[in-house]
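Subject: Handing over the structure, with notes on what was found

Dear colleague,

I am passing this structure on to you, and I would be grateful if you could look through it with the notes below at hand. They are meant for someone who is new to it.

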Amino acid sequence: MRREQRKWQAEWIWGGEERHERNVWRCFRRAFELTEAAGAAEIAITADSRYVLFVNGTQCGRGPVRSWPAEQSYNTHSVGHLLRQGTNTIAVLVMSYGLSTFQYILGRGGLLAELEVSLAGKGNGNGKGNGSVVIGTDSSWETALYAGYDRRTPRLSCQLGFSESIDARLSDGNWTTGGTGAEEWQPARVIGQPGCEPWPRLLASDIPPLTEEPLWPVRVESLKQVRPVSWTTALDIRNAMLPDSVGHANPVSFAGYVAFVVRASEDADATFGFLSGFGAFRGMGLNGQRFMASEMEGTLPERYARTRLRQGDNFVWLETLGSDHGTGLHFGIDCEASFEIVSPIAGPNGESPFALIGPFATRTYVDHAEQNSPLDDYKGFGGNKELDAGAFAGFDAYARFRDAASAADLQSFGEWVRPFPPELAARDSVFGKSVWKRSERSYPVPMELQSVCMAGPLAANVPVYPDGDTEFVLDFGKEWSGYIRFELDAPEGAVLDFYGYEYMRDGWRQDTYILDNTLRYASREGWQTYESPVRRGLRYLMVTVRNASRPVRLIGVQIVQSNFPVAEIGRFHSSDPLLNDIWEISKHTTRLCMEDTFVDCPAYEQAFWVGDSRNEALVNYYVFGASDIVKRCLELVPGSSVQTPLYADQVPSGWSSVIPNWTFFWANACLEYAEHTGDREFARSIWPQVRYTLEHYLRKRDGQGLLRHNGWNLLDWAPIDQPRQGVVTHQNAVFVGTLRSAAKLAELAGEAAQGVPFAAASEALAGAINEFLWSEEQQAYLDCIHADGRRSDIFSIQTQVIAYLNGIAEGPRKERLAAYLAEPPRHFVQIGSPFMAFFYYEALTALGRFDIMLDDMRKHFGQMIEFEATTCWEMYPDFAENRPNPNMLTRSHCHAWSAGPGYFLGTCVLGVTKAADGWSRVRVAPQPGDLKWARGAVPLPGGGRIDVHWRIEDEAGVRVFRLDVRAPEGVEVELVSPDGCEPRLRLARG
């Protein structure tokens with residue numbers, strides 16, 4: 001449970017005059033004196049958006065955990081061991097995004113902190129010392145912008161904040177202990193009292209601090225001399241076109257151009273490269289010649305236009321037409337001749353060499369049919385999300401601009417032309433330079449360089465090449481999630497570019513085109529250390545050393561692994577090494593995707609997707625046994641009622657989006673948590689929120705009694721028929737099961753009468769599905785009925801799985817579905833993701849076909865193992881329908897919605913399941929399949945575990961099943977032998 005609100009003596013503070021500073025790192029500190037030694041001491045602290053806390057130069061805390069602004073979380077850090085008699089300094093680095101992400105909703109820059117120290121003197125004999133000292137944020141604190149941080153860095157992705165670029169020459173590195181280390185220090189400005197907007201309520205974090213575990217790479221994978229391309233940048237075109245879009249993370253559409261002039265020293269061949277998954281890019285123009293993106297060279301999403309620059313000014317425009325979520329356009333120019341980028345607009349244009357033409361039309365989309373906040377903005381477009389030519393008012397001017405061949409042509413578009421905001425144009429694209437090089441040459445990796453991987457004080461010398469940069473790739477052995485840390489000796493002005501990615505094999509690298517997973521560090525002279533405050537997920541880290549006048553010496557490059565603190569209580573080991581490997585990657589994936597909430601993936605998004613977390617919670621129960629994180633996730637979801645009564649599919653998020661199935665999975669997970677833990681108080685507190693959203697969904701039934709939702713009706717990435725408008729069968733079937741779960745949850749909450757209408761609605765909806773969504777011809781449930789009344793001619797195994805699992809079919813229909821589960825018809829759409837496989841495995845378990853489940857695991861997850869996966873992939877590697885790029889194995893190589901084997905190998909092969917709420921009774925009924933033996937452990941929610949070891953032996957022609965189980969005292973255990981075996985069952989206690 002969360003702590004009661006504390007009585008703050010501190011005040012909210014900030015610096016500068018901007019309310020929504022974009023991508024600002026701001027330093028705060030306060031020096032104070034202690035006249036005697038400190039006893040216990042703790043700092044309560046929160047910030048908007050994120051903070052890193054230091055006491056006397058030692059980093060001792062990060063936060064806050066993600067939360068809704070109306071219930072801003074604060075953390076409490078114990079710091080008494082860091083204080084000393086005499087002068088002490090509290091320092092805080094606050095990163096303020098200045099825009100909404102998938103983890104954060106725009107508030108305003110702010111810091112609130114309060115240190116309370118119990119002094120350790122003799123006191124008055126009661127052991128409490130001579131009293132206490134309280135130091136809170138107020139105008140006595142000083143603040144300054146972080147020196148050397150480039151605020152013009154690109155977004156990491158549309159889901160995250162910003163990449164980082166640090167110039168250490170501008171900082172002495174000791175600002176946390178009283179040095180300068182920042183720009184000019186000024187008194188902090190008080191901006192409000194605790195309880196002020198946009199943070200009216202402050203709640204203590206309800207989870208422990210995340211782990212911080214330094215990990216070293218295992219090898220230097222490669223060493224190259226590389227020559228970079230001439231020039232790169234990244235443009236935030238979304239926020240340039242729609243400045244107000246910083247307040248939300250909804251997809252937007254726009255039509256317009258970016259123009260600039262390339263001033264070349266001579267005639268020369270040139271290549272324009274476009275290097276990111278920016279979906280609104282349509283093409284470019286150069287001196288009147290048009291290059292359509294669809295006709296350029298390269299494999300998507302890379303696009304290259306090979307052309308020729310003329311001496312002097314060359315006029316370039318980039319065309320944008322379409323939708324964007326917040327992915328910047330990374331592009332560059334490579335040319336042997338020297339050139340500069342200048343503005344095509346006459347007069348002073350600040351630091352921006354670009355001009356913005358437009359937008360000729362804009363639109364913001366809210367991805368649900370009901371909303372409580374006026375986020376939908378319409379200007380000029382028709383109703384289609386994809387923008388058709390001629391569908392908006394400014395189309396004529398937009399089309400006419402394609403004929404612009406020189407800067408002079410801008411004059412006829414005066415009302416549309418303005419300078420591109422300089423803060424939205426990156427000075428360079430580290431991602432662009434990392435994936436696109438003019439040339440590269442490989443060298444053997446010397447053993448001296450391998451010492452960068454060894455946990456010790458031995459420095460590795462990075463070679464310097466006279467006519468190029470040095471690139472080496474570090475392999476951390478597995479995917480990890482946390483913070484990059486390094487220590488080095490370097491000459492002043494040497495630049496180290498770091499680029500993290502998830503996968504490479506046989507010299508091929510899967511680049512992260514929609515994730516700018518980079519860090520740039522320009523060094524000062526001598527020894528220095530740096531630890532990034534930006535969380536990243538990666539396995540491989542490319543390091544490129546540029547502009548080094550002498551060899552750079554590295555003591556180490558590390559990942560500070562950070563995740564929800566867990567013990568590895570669950571275990572699984574069997575006679576099948578492949579299943580053992582699959583269980584291990586499931587466990588590791590789940591760990592990496594447990595931050596302050598469950599997250600979908602540690603690299604691309606780090607977002608708490610509500611539906612994903614239902615399955616992730618079940619896996620966690622069996623491999624780690626953590627309950628607090630599940631409860632926290634479940635309690636966060638109703639906060640999205642400020643966006644929609646249907647509840648959002650990822651929270652807390654600036655993207656106001658609904659997937660009905662995700663809300664239904666959340667409601668089911670609430671029941672599963674209450675049953676798993678036996679926590680009736682949770683059932684009582686969450687029931688009103690579950691009832692609230694399901695009542696709103698019940699209002700969306702049509703005249704046939706079927707749920708009809710206009711929006712994102714997702715279940716699987718596969719090409720099943722799940723339109724945005726109409727009646728989707730799998731969605732209705734999941735709703736049937738959820739309504740049934742709601743009635744059970746109401747009973748646990750002590751409100752059984754309130755659950756009766758939901759049980760009745762469940763039965764009625766199941767009847768409507770059987771009446772209107774069954775095909776007699778196909779003897780299967782069709783995927784949907786379209787908005788125009790047309791019955792879908794697509795049939796999928798997904799729909800049959802969900803219908804079977806939620807008890808829709810009875811009698812012969814149920815038998816027919818069971819046959820489909822055992823042998824999916826080839827003309828049905830097949831399961832396309834490990835996420836959907838979780839529900840398939842649930843259905844197979846209910847059917848008792850454990851053999852099919854194990855074979856499916858070996859086939860699909862075994863493919864990941866064959867590709868040397870250390871974590872579970874978001875998609876199956878052989879399911880091309882899921883991937884726009886045929887060369888991409890999967891988008892995310894670490895995705896916890898795919899970690900289902902960690903659950904099913906425990907429930908089925910080990911056979912451990914709860915037989916009563918709170919696991920007061922346990923059933924152990926292993927399903928061996930074709931295995932000879934298995935052993936492992938399953939955590940219990942109140943502590944302790946169930947240890948299982950079984951083996952099948954042949955004794956004089958008799959198949960004997962030996963089962964040994966150890967369980968804590970007080971837990972009732974039922975032991976069950978599989979059919980066809982002579983049982984030898986033994987239960988031990990302790």
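To begin with the helices, α15 passes α16 in a left-handed crossing, where left-handed means that the near helix is turned anticlockwise from the far one by less than a right angle, and right-handed that it is turned clockwise. Please keep in mind that this is a predicted model, in which local features need pLDDT of at least 70 and side-chain atom pairs count only at pLDDT 80 or more, while totals for chains, interfaces and linings use all residues. Residues are numbered from 1 along each chain as its sequence is written, and side-chain values use heavy atoms, with hydrogens and water left out.

The helix names follow DSSP runs, with helices being H or I of at least four residues and strands E of at least two, numbered from the N terminus. The axes of α15 and helix α16 (residues 901–909) come within 12 Å and cross at roughly 150°; these axes are lines fitted to C-alpha atoms, for helices over the stretch in contact, and the angles run from 0 to 180 degrees between N-to-C directions. The two helices are therefore roughly antiparallel to each other, given that angles over 145 degrees count as roughly antiparallel, under 35 as roughly parallel, 65 to 115 as roughly perpendicular and the rest as oblique. Their contact (heavy atoms within 4.5 Å) is made by Phe850, Met853, Leu854, Met857 and Phe861 of α15 and by Pro901, Phe904, Leu905, Cys908 and Val909 of α16. These residues divide into 10 nonpolar, no polar and no charged, where Ala, Val, Leu, Ile, Met, Phe, Trp, Tyr, Cys and Pro count as nonpolar, Asp, Glu, Lys and Arg as charged, and the others, Gly among them, as polar.

Helix α15 (residues 850–866) also packs with helix α14 (residues 834–847), at an angle of about 165° and with their axes 9 Å apart, which makes α14 roughly antiparallel to α15. This crossing of α14 and α15 is left-handed, and the contact includes Tyr840, Tyr841 and Leu844 of α14 and Ile852, Met857 and Met864 of α15. The residues of the contact divide into 10 nonpolar, one polar and one charged.

The buried residues of α7 are Ile629, Val630, Lys631, Arg632, Cys633, Leu634 and Leu636, and they pack against α6 (610–623), α8 (660–677) and α9 (680–698). Arg632 is also part of a network of salt bridges that links it with Arg66, Asp206, Arg535, Glu595 and Asp596.

A salt bridge here is a side-chain nitrogen of Lys or Arg within 4 Å of a carboxyl oxygen of Asp or Glu, and by this rule the count comes to 61. One of them joins Asp334 and Arg438, whose closest N and O atoms are 2.6 Å apart. Asp334 lies in strand β24 (residues 329–335) and Arg438 in strand β29 (residues 437–443), so this pair ties together parts that are 104 residues apart in sequence. Asp334 is buried at a relative accessible area of 15%, whereas Arg438 is partly exposed at 26%. Another salt bridge, at 3.8 Å from N to O, is formed by Arg553 and Asp489.

Among the strands, β30 (residues 460–462) holds Val462, which counts as buried at 1% relative accessibility. Leaving aside residues up to four places away in sequence, Val462 touches Leu449, Thr470, Phe472, Val545, Pro551, Val552 and Leu554.

Finally, some details of the backbone deserve a look. Most residues other than glycine have a negative phi, and most peptide bonds are trans. Pro652 lies in the loop between α7 and α8. Asn23, which is not a glycine, has a positive phi near 50°, and this residue is buried, with a relative accessible area of 2%.

Methods. Buried means under 20% relative accessible area, exposed over 50%, partly exposed in between (1.4 Å probe, protein chains only).
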